[in-house]
Every structure is written in C-alpha cells, then in structure tokens.
Amino acid sequence: MSRNQDWMERDVNVLWHPCTQMKDHEHIPVIPIKKAQGIWLEDFDGKRYLDGVSSWWTNIFGHCNPRINQRIKDQVDQLEHLMLAGFTHQPVIELSERLVSIAPEGLERVFYADNGSSSIEVALKMSFHYWLNSGRPEKKRFATITNGYHGETVATMSVGDVAVFTETYKAMLFDCIKVPSPDCYHRERGVSWEEHSRLMFEHMCSTLEQHQHELAAVILEPLVQGAGGMRMYHPIYLRLLREACDHYGVHLIVDEIAMGFGRTGTMFACEQAKISPDFLVLSKALTGGYLPMAAVLTTNAIYQAFYAEYDQLKAFWHSHTYTGNPLACAAALATLDIFQHDNIIEKNQVLAAHMQQATAHLADHPHVAEVRQTGMVLAIEMVKNKANKTPFAWQERRGMKVYQYAMEKGALLRPLGNVVYFLPPYIITPEQINWLSQIASEGIDYAVRD
Ligand SMILES: *Cc1c(COP(=O)(O)O)cnc(C)c1O
C-alpha cells in the first residue's frame, strides 16, 4: 500500500487538483510525495525531486527545517488557535512588531488574513473604505498594470490580467483600469530596462491624471510579474509611481505576496525603489512555506480614518476565521529569525550570481528569446522564432514537456506557459544550481523538438 501507484489511483478517485485539467492525469502522473527534507521531495517509490520552484514560491529555507519545526512544535503545546477578535496572543504581537520593524518606513499597522487572495481583498476594501470614511465616496475604482496577478477570488481576478485565470470568469468581474505593463521583455532592441520602464510610466501617469478623482488605489506586483510569466521591470517605475500617487492623492498597494522575503534580492522589493506603499501585502514565504497566512501592512494615517466612536460605523468589519493563527505566527517568527541570524540576503547575492553564470549560455539557444533575472528569480523564455519573438502556440504545451523531462531526471521545474524559471529555496547550493541548469538546458532541447 505504500507504492506510488496505489496512492495515484486513490488520489484520482477523490481529488480535484488546483490549476489542473484532471484528464491530463490519464497520461501525466500526479506524484505522491511521502516526505521532504531540505530542497528534496521524496515519493513513495523512493525517488527524489529537487524543489526548483520552492513549492509554489513559498518554501525558502527547505522542507522540514529543524528550526521552524521546533518552533511550531513548541507552539502547538502552548496555544494552537484562538479567535483574534477580542483576543490576542504572544506570537501575533511579536510577529507584528517584527514585521513593522523590517518593513519600509511608515507601515505601522498589521492586519492578518489566511491566504494571499484574501489579503489582497483586505487591501482593496481598506483603500475603498478609507476614502468612504474620509468623505470621498467617489474614489472607488482601481487601476493596475496589464499581465498582473493578484489571486483567484472574484475581486483579485478583477484587478488581475492573466487571461488563463480570468478570461472564463469575465462576466463576474468588476471594472478596473488597466495600464500597459512596464514589462521589459517588450522593450526595443538597445533600450535599457530603466529607459523602457520610464517610457512605459507615461501611460500610468496619464491614467492617474485623468482618473484621480475616482481612483482609490493603484495595485501591482513590484519588479516581477510572477504568474504572468516572471516578467520584469526596473525599480524606477515604482519610484515614479509612488511620486505620482502622492501627487494625485491615490493609494499605492504593493503586492509582495510572491516577491517579498528576499526573493528579488532585498528583503522587500520596495526597498530597491526606496519607497513605502500605503499597503504592503505579504504571504507565501511569510511562514517559510509552512502554513497559510497573509498580512497587510498599512500606515497609521489610514488606520486613523477607521478609528472612531462605534456608532459612527467606521470600523473595518472584516475577518477570516484563521486570522493570526498562532502556529502560522510561530513559523513566521522562526523564518524571520533565520533571515536575521544567517545573513540570508547577503548570502543570496552569491547564489543569484551563480544562477546567472550557470544559465548564461542559454541566451544563445535558438529557441530562447531571453534569460532574465531579478535576485533569486531567473526566467528563460522559450520561443518559436527567436528573431521576432514569436511564441510557441499554447496548444503545443512546450513548457509541460520541460516539466516532464525534469521530473524524469529528478527536478521539479513547473513552467508558466513557455517560461521555464528557477525560484529555488535559499538553501540551494551552487552545485545544485549547476545541475538544475543542466536539466533545464536538456529539457528545453527536448521540448522544442518538433
Ligand atoms: C500567489 C499570489 C497571490 C495569491 O495568493 P494565494 O495565497 O494563492 O491566494 C496574489 N498575488 C501574487 C503576486 C501571488 O503570487
């Protein structure tokens, strides 16, 4: 009863997997994992897979990390869960203090949710509600950039723009202003990331000018558009956006759910633009990839707009059942301890440079349009025609072929369409990076064959 095959059969009888055409599992196996240690996942037949995408961008310090495990074990014997309305507890207070102390300046209040999408909805509702409480009910719309991703719930799809996730549900979504993305993949030859990002900002600037009276906030992913294919842009865009939002009186919501906690090379991506958003949204790696939790950090100015006598009905009447769960807080505290004690951000610079070297040769591949990188994210864009960047037809599922090749070899590289990317745990070694690059190269060769 402990072999892969048995578990696979039982799985497909009862489960419905996320982001999956379940019929695919007639020929692409669902992999039952028995246990994991560090960067390795191990299935029931004893085969190991290197987790090259940090289990959907969450796991930064390895699976079953002894320090995080211990902290959760200690916490579970003390207090496992508690409602956070009317009550509080030590881990949630300590975590809030820690987050405020490391976040960009001015973010002094922490509100919790239990997943990324919910926390985006918190930020959207808070911004909208702030303007309502401040006597500006007409400021109720949102603007964003194209190709963004903020989650799968109805409101987060409304402010998102990745067709595979949103197109089907279009009729359910609310209207949001979408401005062309600064995505540097589309820059003209010879134009730098910075120039291109500046140029693209003109669209945002005119949108803000035109719609300032009705805009509550602009929401975007900083530096890297993750689910949109690891598309990247220069920090100057965030700097210009912060200035313009201040100028036109519009909130800035920065979704660092995927890119926070060191992924872009700094603790938070905002640091590279030297900005503080009005709302900073965190999840995924917040708990080291252990437990679902999300946090929205905001300013005291926004908090104060809700602070009033009860009968003025200004309170933020919003909750998720597992808000501030003590076990998740414990995992997050252990994660922050590791950042602090192990000099992670500094050490990652070496790993990031190594990822660049190990994959540089792929830029010359006849079916690779671009190898791009921001910190600990490296993406390889496969194309049908390199000269004019014609993409492979989506029906050909080239990325899926890379995935299958890599799994065969013992590496988990789950691409986004035709984009193969490395987003590894920070405990990856230079040797493992070399090996992963080797597999990615071979996988791409295999996938682009006709
Ligand atoms: C994953 C993600 C979300 C949604 O988080 P969930 O926990 O999956 O709901 C939102 N924004 C970004 C940028 C993400 O990568």
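Author: A disulfide is counted here when two cysteine sulfur atoms lie within 2.5 Å. By that criterion the structure holds zero disulfides. This is a predicted model, in which local features need pLDDT of at least 70 and side-chain atom pairs count only at pLDDT 80 or more, while totals for chains, interfaces and linings use all residues. Residues are numbered from 1 along each chain as its sequence is written, and side-chain values use heavy atoms, with hydrogens and water left out.

Cys184 is in no disulfide, and the nearest cysteine sulfur, which belongs to Cys270, is 17 Å away. Cys184 is also buried, with a relative accessible area of 1%, where buried means under 20%, exposed over 50% and partly exposed in between, using a 1.4 Å probe and protein chains only. Cys270 likewise takes part in no disulfide, its nearest cysteine sulfur being that of Cys245 at 12 Å, and Cys270 is buried with a relative accessible area of 0%.

Turning to the rings, those of Phe, Tyr and Trp (its six-membered ring) pair if their centres lie within 6.5 Å, and planes under 30 degrees apart count as stacked, over 60 as edge-to-face and the rest as tilted. By this rule the count comes to 18 aromatic pairs. One of them is the tilted pair of Tyr303 and Tyr307, at 5.7 Å centre to centre with 45 degrees between the planes; Tyr303 is partly exposed at 28% relative accessible area, whereas Tyr307 is exposed at 59%. The rings of Phe306 and Phe316 have centres 6.0 Å apart and planes at 85 degrees, so that pair is edge-to-face, and both Phe306 and Phe316 are buried. Elsewhere, ring pairs link Phe61, Phe261, Phe268, Phe339 and Tyr426 into a cluster.

The ligand, finally, is surrounded by residues that include Trp57, Tyr149, His150 and Glu221, each having a heavy atom within 4 Å of the ligand. For polar contacts (pairs of N or O atoms within 3.5 Å; within protein, one must be able to donate a hydrogen and the other to accept it, and residues adjacent in sequence count only if both atoms are side-chain atoms), an oxygen atom of the ligand is 2.7 Å from a polar backbone atom of Gly116. A ligand nitrogen atom lies 2.7 Å from an N or O atom in the side chain of Asp255, and a ligand oxygen atom lies 2.6 Å from an N or O atom in the side chain of Lys284.
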